[in-house]
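Colleague: I'm new to this one and would like a guided tour. Could you show me how to read its features, one at a time?

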Amino acid sequence: MSVTKTISVIGHRSVNAVWRIGVASRFFTLTLMHSGNGFRRYNLIVKELFSTGVMSLIIIIVAGLFVGMVLGLQGYETLKRYGSESALGVMVALGLVRELGPVVAALLFASRAGSAMTAEIGLMKATEQISAMELMAVNPIARIVAPRFWAGVISMPLLAAMFSAAGIFGGYFVGVVQIGVDEGSFWSQMQAAVDFKHDILNGVLKSFVFGVVVTAIALFEGYDAPPTAEGVSGATTRTVVTSSLAILMLDFVLTAMMFGGNE
Amino acid sequence: MRPLRLWVHILSSSALVEIRDLNFAYDKRAVLQGINMTFHKGKLIAIMGSSGCGKTTLLRHIGGALKPTKGYVKVDGKIMHELSQDGLYEMRRKMGMLFQFGALFTDMSVYDNVAFQMREHTELPEELIHDLVMMKLHAVGLRGTYNLMPSELSGGMARRVALARTVALDPMLIMYDEPFAGLDPISLTVVGDLIRRLNDALGATSVIVTHDVQESLKIVDYVYFMAGGVIVAEGTPDEIRASDKEFVHQFVHGEMDGPVPFHYPGGDYRQDLNLRA
């Protein structure tokens, strides 16, 4: 009996999981289909760019600054052993533009903007704003979801770039201003070693993918949230957890594809 | 044409909403069973009944948000569940719905809430939209609140702003889901009076789903009583007041006991208290 019950529970959960993936895929397809409508009313995207992008700037810049400062300190300690302190700029810049910039910025974006998107849409559902919109013959996917989706996708690479820029400044501050690494070496070696296509564009591509994934998860969780306080709270938590795991797993896949042992 | 047939023809041609043998179930739980209703143009109709009797589900069928398991809802000659997505949206542009707590868009001001449908569905210049919004807000007595956010309004004011938004495009059919819930006595009278006046001024047809018997009987033309997914009584307010049906009597007079029991069905009380017989 218990074996039957266990199999039944596993089967039920599997069916639910597959069902949910199907619903999420349909939701994502509808969002893309209604994106044209969103772009025609670009003021909606601009408004969302402000709340997702501009409002995330402070946390992104402050975090980038401190990550860069830590990189500067740790990098100096390691490079000093090999007498390569002058390569500190290269280490800080590559670490940030290839890896830490896109990944940490995406994690921060998921916690700050992603959770806010989920909570906002979940609460709109709980207070019947989405039903009201539907009964006013306005498609909520086109009016609410698509502008937020594209705002998130556009914001993410820009925020990652800001994170990397702030991080490089943090590394410069600790390495050059505080410790005394040669300023000329710091900047010139960085300029010589960082390749625009191989390093910077790949980093931008990563952050673009993270932007699509995090925003899609956040919007779907909000739209699919049960219309109760507990439902919205659970959906917000799921957004942060699922997005963070997706970012870290995708980061490995993308890194392997972009830089995997070919150098 | 014989007088009786002529009378039937006149009545049927003036019907804006026809509900015939409507059945609906959530999974296997029947919510609506064989509902038949007719809402004539220009009338204000109330659908009353205790919580969970299927009133809101019925309203959602009229709005085309749910598909019946049997029967149909016909609005303005079109069967709602047979309409395509575009057809449904076209029909909804002729409808307005006031939700229980207003459902105002919390990220927009009062002005933008009322202007929402005008901007979405018309190409009207902003100057004209401004005038129309002010007129709608004036009609509900809240012109002075145009630049406030929904969070700055009281419950009654939010309901009135939502009412202004509902009638923004002068709909032919207005649906109200519990418009009196949670209102103080003054707001309750104001909202009730507005519903009647707006219906008459716009020449619309209105349907109110409500628990509030006394306020509704003052303003409506016809009442349907529902219980357990079926219609248990119907008639004009005077007929309802004079009705000797047990359910109607209990509901209209707010009596604790009657066909609607006070206690939810449960096990033996003594057993639940662990008492021995």
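Modeller: Happy to. Let's begin with strands: two strands count as paired if DSSP finds at least two bridges between them. Keep in mind that this is a predicted model.

Colleague: Got it. In which sense do strand E1 and E4(B) of chain B pair, and over how many bridges?

Modeller: They pair in the antiparallel sense, over five bridges. Strand E1 of chain B covers residues 15-26, and strand E4 runs over 70-75.

Colleague: How many bridges join E4(B) to E5(B)?

Modeller: Two, and these strands run antiparallel. Here B:Lys74 stands opposite B:Ile79 in E5(B). E4(B) and E5(B) make a hairpin, with two residues between them.

Colleague: Which residue in that turn has a positive phi?

Modeller: That's B:Asp76, with a phi of about 55°, even though it is not a glycine.

Colleague: Where in chain A is A:Glu128 found?

Modeller: In the loop between helix H5 (88-126) and helix H6 (129-135). A:Glu128 isn't a glycine either, yet its phi is positive, about 65°.

Colleague: Is A:Glu128 buried or exposed?

Modeller: Buried, because A:Glu128 has 20 other C-beta atoms within 10 Å.

Colleague: Let's stay with burial. Why is B:Val209 called buried?

Modeller: Because 25 other C-beta atoms lie within 10 Å of B:Val209. You'll find B:Val209 in strand E8 of chain B, residues 205-210. Leaving out residues up to four places away in sequence, B:Val209 touches B:Ile47, B:Lys55, B:Thr56, B:Leu59, B:Tyr176, B:Asp177 and B:Glu178.

Colleague: How far apart are B:Val209 and B:Thr56 in sequence and in space?

Modeller: They sit 153 residues apart in sequence, but their C-alpha atoms are 6.9 Å apart in space.

Colleague: On to helices. How do the axes of H5(A) and H10(A) cross?

Modeller: For a pair of helices, look at the angle between their N-to-C directions. The axes of H5(A) and H10(A), the latter spanning residues 229-259, come within 9 Å and cross at roughly 150°. Angles over 145 degrees count as roughly antiparallel, and therefore H5(A) and H10(A) are roughly antiparallel to each other. Their crossing is right-handed.

Colleague: Which residues of the two helices meet?

Modeller: On the H5(A) side they include A:Val103, A:Ala110, A:Gly114 and A:Ala126, and among their counterparts in H10(A) are A:Gly231, A:Thr239 and A:Asp251. By class, the contact of H5(A) with H10(A) has 11 nonpolar, 10 polar and one charged residue.

Colleague: Last topic: the two chains together. How is an interface usually sized up?

Modeller: Interface size is often given as the accessible area lost when the parts come together. Here we can count residues instead: 14 residues of chain B are in contact with 10 residues of chain A.

Colleague: Which elements of chain B each supply at least two residues of the side that touches chain A?

Modeller: Helix H3 (85-92), strand E6 (95-98) and helix H4 (110-121) of chain B. H4(B) gives the most, with three residues. That side of chain B has eight nonpolar, three polar and three charged residues.

Notes: Residues numbered from 1 in each chain as written. Chains lettered and ligands numbered in written order. Predicted model: local features only at pLDDT ≥ 70, side-chain atom pairs only at ≥ 80, totals over all residues. Contact = placed C-beta atoms within 7 Å. Helix = DSSP H or I, 4+ residues; strand = E, 2+ residues; numbered from the N terminus. Nonpolar A, V, L, I, M, F, W, Y, C, P; charged D, E, K, R; others polar. Buried ≥ 20, exposed ≤ 12 C-beta atoms within 10 Å, placed from the backbone. Axes fitted to C-alpha atoms, helices over the stretch in contact; angles between N-to-C directions. Parallel < 35°, antiparallel > 145°, perpendicular 65-115°, else oblique. Left-handed = near helix turned anticlockwise from the far one by under 90°.
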